[in-house]
Amino acid sequence: MEALDKLNQLIQTNDDHCVAYDKQQQYPATRFREDLARAVHNIQQHPHQRYLLFIDHSYNFAVNLIALFLLQKDVVLTANSKADWLSQISDQFDAVIGDATLEPLLAGAHFLTSELEPADIELAVTIPLQLDNNLTFFTSGSTSQPKAISKSIQQLLTEVSCINSIFGSSVSNCTFLSTVSHHHIYGLIFRLLWPLLYRYPFYAEIVLYQEQLRSLSQPLSQICLISSPAFLSRQDHELDAIELKQCFSSGSLLSEAAAQASYEQLGIFPVEVFGSTETGGIGYRTQSKNQACWTLFPSMSMQQDAEGITTLSSPYLSTPYRLDDDIQLLPGGQFRILGRLDRVVKIEEKRVSLDAIETTLIESSLVNAAKVVVLQHHRTYLGAVIVLSETGCQLLNSRGKHHINQCLRSELAERYEAVAIPRKWRYLEQLPYNSQGKLTLDQLMGLF
C-alpha cells in the first residue's frame with residue numbers, strides 16, 4: 001500500500017522537509033521523528049490499549065496518533081468535548097491523551113498530557129507489517145446521541161492512497177490550510193494524513209475566518225484549502241479575492257450560489273466530496289459549467305434493488321453498505337443525489353419529501369439556502385429555515401417578513417399540496433452549522 005510506504009519513509013528517512021507550522025514555528029521532519037520517539041516512550045510507560053485522543057493542535061495530534069499506530073493501540077476520536085458527551089462514551093476508552101483543558105472534564109480517567117518533554121530518545125519501534133488496530137469515531141449524526149463507527153488503520157490508509165492517486169497532481173507544491181477539525185474522518189484524512197504522508201506542509205491550527213485565510217495566504221504561492229460548505233458559504237465580497245490552487249469541501253452539499261461565490265473569491269470551484277463516516281468518500285464533483293453529477297471513486301460500485309435502495313461496494317468497507325440516499329445511477333460511474341430516503345415524511349397521510357421542498361425553495365431567486373423540519377404542536381406541519389439571497393434581503397427590508405412568507409408559499413403552491421408548504425418561517429444570515437460543518441436536528445428545531 002502506497003500510504004503505508006509513505007508512513008515508513010516519514011519515520012525512517014533523514015530528510016528534513018517541513019511537516020507543519022503554526023504562528024510560532026515550523027516543525028521539520030527531524031523534529032517530527034524526535035517528537036514521535038518521545039510520544040512512543042510516553043505511551044509505552046502505560047498498559048492501556050484504548051486511548052481517547054483529543055488534541056486541537058494538528059501537529060501534536062499527528063505525533064501522538066502515529067505513535068499509537070506504531071504501538072498497535074486502538075484510538076478513539078470525538079469532535080465533541082462537552083462533559084456530558086464525554087461521560088456517555090467514557091466506557092469506550094481506558095486512558096486519554098489530550099490537551100490540559102480536557103483533564104477537568106474527565107475526572108477519574110487516566111490522563112496522559114499531550115505535551116512532549118525534551119529527551120534524548122531514539123525511536124524504538126518500526127511500522128508493523130499489519131496495522132490491524134482500530135480507530136473509532138464518535139459521531140452524533142442528526143440525533144445528537146453518540147454513535148461509534150470503527151475503522152481499521154488499513155482502511156484509512158487505503159483511502160489516503162486513493163485520494164492522492166486522483167488529486168495528487170492538483171496539490172503539488174501546496175501548503176494545506178483547513179477550516180475543519182481533524183477529529184472527524186474528512187478532516188483526519190484530507191487535512192492531516194494526506195499532507196503528512198505525502199510531504200505537503202500543513203498549518204497546525206484551524207482557520208476560522210475569511211480574514212484569517214487571506215492573512216495566512218499572503219506569504220504562500222500555492223495553497224490547498226480543506227474546507228466545509230459552511231465556511232465557503234460565508235464569502236465576504238468586500239475582502240480581496242485570492243487564488244487557491246485547490247480546494248475541497250465536504251460535510252454537506254455545497255449550494256450552487258456558494259460554489260459560484262467560491263470561484264469568484266478564491267479563484268476555483270471547490271472539489272466536493274460525498275460520503276460519510278461509515279462509508280468514507282464515495283464520489284466527487286465540481287460545479288463548474290453547472291455540473292450536478294458525481295463521479296464514483298475508483299474501485300467502487302453501486303447497485304440498486306427493485307425498490308430503488310442503493311448498496312455501495314467499496315475497498316474501504318469489508319461488506320457492502322446500504323445507503324440512506326436517494327440515488328440516480330448514470331452511465332460511466334456517475335450518479336446524482338436526489339435526496340435522502342429517510343427525509344420522506346407523512347403529514348396528514350400525505351408523503352412529503354423534505355429534500356424536494358428544500359430544492360424548490362433554493363431554486364427561488366429570493367433564497368440562497370433552506371432547511372425544512374417537521375414540527376409537532378397539536379398537529380404536524382413544516383417549518384422552514386431560510387438564508388435569503390441579496391434580492392430576498394432587499395425585499396425583506398422593503399416589504400417585511402409577511403410579504404416574503406407569502407412569496408415563498410406561492411412559489412411552493414405551484415408544485416405542492418397545502419400540507420407540504422411550511423407554516424412557520426425563520427430567516428437567518430447563515431444556517432447554524434457546527435464546527436464540523438454539520439446541521440443537527442436539535443439546532444434547527446431550537447429555532448422554532
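Close-up 1. S299 counts as exposed because its relative accessibility is 67%. Buried means under 20% relative accessible area, exposed over 50%, and partly exposed in between (1.4 Å probe, protein chains only). S299 sits in the loop between β15 (294-296) and β16 (301-304). Helices (H or I, at least four residues) and strands (E, at least two) are DSSP runs, numbered from the N terminus. The phi of S299 is near 65 degrees, a positive value in a residue other than glycine. Most residues other than glycine have a negative phi.

The model is predicted: local features need pLDDT of at least 70, side-chain atom pairs count only at pLDDT 80 or more, and totals for chains, interfaces and linings use all residues. Residues are numbered from 1 along each chain as its sequence is written, and side-chain values use heavy atoms, with hydrogens and water left out.

**Close-up 2. Q72, a partly exposed residue with positive phi.** Q72 is not a glycine, yet its phi is positive, about 60 degrees. The loop between α3 (58-70) and β4 (74-78) holds Q72. Q72 counts as partly exposed, because its relative accessibility is 25%.

**Close-up 3. E238 in its loop.** E238 is found between α8 (229-232) and β12 (246-249), in the loop. With 77% relative accessibility, E238 counts as exposed. E238 and Q265 are 27 residues apart in sequence. In space, the two are 9.8 Å apart, C-alpha to C-alpha.

**Close-up 4. Helices α1 and α2 in contact.** Two packed helices are described by the angle between their axes and the distance between the axes. Helix α1 (residues 2-12) packs with α2 at an angle of about 90 degrees, and their axes are 8 Å apart. Axes are lines fitted to C-alpha atoms, for helices over the stretch in contact, and angles run from 0 to 180 degrees between N-to-C directions. The two helices are therefore roughly perpendicular (65 to 115 degrees; under 35 is roughly parallel, over 145 roughly antiparallel, the rest oblique). L10, I11 and Q12 of α1 meet F32, R33 and L36 of α2. Contact means heavy atoms within 4.5 Å.

**Close-up 5. R33, buried without a salt bridge.** R33 belongs to helix α2 (residues 29-44). R33 is buried but has no salt bridge. A salt bridge is a side-chain nitrogen of Lys or Arg within 4 Å of a carboxyl oxygen of Asp or Glu. D15, the nearest side chain of opposite charge, is 4.7 Å away (Lys and Arg count as positive, Asp and Glu as negative; His and the chain ends are not counted). R33 touches L10, I11, Q12, T13, N14 and D15, not counting residues up to four places away in sequence.

**Close-up 6. The salt bridge of E272 and R285.** The whole structure has 11 salt bridges. In the one between E272 and R285, the closest N and O atoms are 3.0 Å apart. E272 lies in strand β13 (residues 271-276) and R285 in strand β14 (residues 280-285), so the pair ties together parts 13 residues apart in sequence. E272 is buried, with a relative accessible area of 2%. R285 also counts as buried, at 12% relative accessibility.

**Close-up 7. A network of salt bridges.** Salt bridges link R343, D355, E358 and K371 in a network. The side chains of E358 and K371 meet at 3.6 Å, N to O. E358 is in helix α10 (residues 354-363) and K371 in strand β23 (residues 367-377). E358 counts as buried, at 6% relative accessibility.
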